[in-house]
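Hi everyone, thanks for coming. Have a look at the picture first.

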Amino acid sequence: MFAIAGAGPARAQSTGIAACDDFLQKYDSCVTSKLPEAQRATYKAQLDQTRKMWVDMAKNPSAKSTMEGTCKQTMDAIKTSLQSFGCSF
């Protein structure tokens, strides 16, 4: 038998901004452990899209300087919607 590379969970790419990486890790943990299976794919897709956007933003020095605030605002906005699932940030 051959193992298929990438079949398991991918190692999350870091944004290089502690507040952003902290939020993404908590969001991922919430989605994986608290959300009903039927809703996980939607939230995972949002998470992947947000991570990609933030990783790309972090490559731009002028955008990177504002990212901590952006990530904190995003966390504040999303944590309210996830509280109904029992997630806390």
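Let me start with a word we'll need: a residue is called buried when its relative accessible area is under 20%. Please also keep in mind that this is a predicted model.

Now, the rings. How many aromatic pairs does a search of the whole structure find? It finds three. One of them is phenylalanine 23 with tyrosine 27, an edge-to-face pair with 5.5 Å centre to centre and 75° between the planes. Both residues sit in helix α1, which covers residues 18-34, and they are four residues apart, about one turn of the helix. Are they buried or exposed? Phenylalanine 23 and tyrosine 27 are both buried.

Another pair is tyrosine 43 with phenylalanine 85, also edge-to-face, at 6.0 Å centre to centre and 80° between the planes. Tyrosine 43 belongs to helix α2 (residues 37-58) and phenylalanine 85 to the segment after α4 (67-82), so this pair ties together parts that are 42 residues apart in sequence. Tyrosine 43 has a relative accessible area of 18%, so it counts as buried.

Finally, arginine 51, which is found in helix α2. Arginine 51 is buried yet has no salt bridge: aspartate 48, the nearest side chain of opposite charge, is 5.0 Å away, and a salt bridge needs the atoms within 4 Å. What lies 3.3 Å from a polar atom of the arginine 51 side chain? That is the backbone oxygen of glutamine 13. Leaving aside residues up to four places away in sequence, arginine 51 touches Ala12, Gln13 and Leu24.

Methods: Residues are numbered from 1 along each chain as its sequence is written. This is a predicted model: local features need pLDDT of at least 70, side-chain atom pairs count only at pLDDT 80 or more; totals for chains, interfaces and linings use all residues. Side-chain values use heavy atoms; hydrogens and water are left out. Rings of Phe, Tyr and Trp (its six-membered ring) pair if their centres lie within 6.5 Å; planes under 30 degrees apart count as stacked, over 60 as edge-to-face and the rest as tilted. Helices (H or I, at least four residues) and strands (E, at least two) are DSSP runs, numbered from the N terminus. Buried means under 20% relative accessible area, exposed over 50%, partly exposed in between (1.4 Å probe, protein chains only). Lys and Arg count as positive and Asp and Glu as negative; His and the chain ends are not counted. A polar contact is a pair of N or O atoms within 3.5 Å; within protein, one must be able to donate a hydrogen and the other to accept it, and residues adjacent in sequence count only if both atoms are side-chain atoms. Contact means heavy atoms within 4.5 Å.
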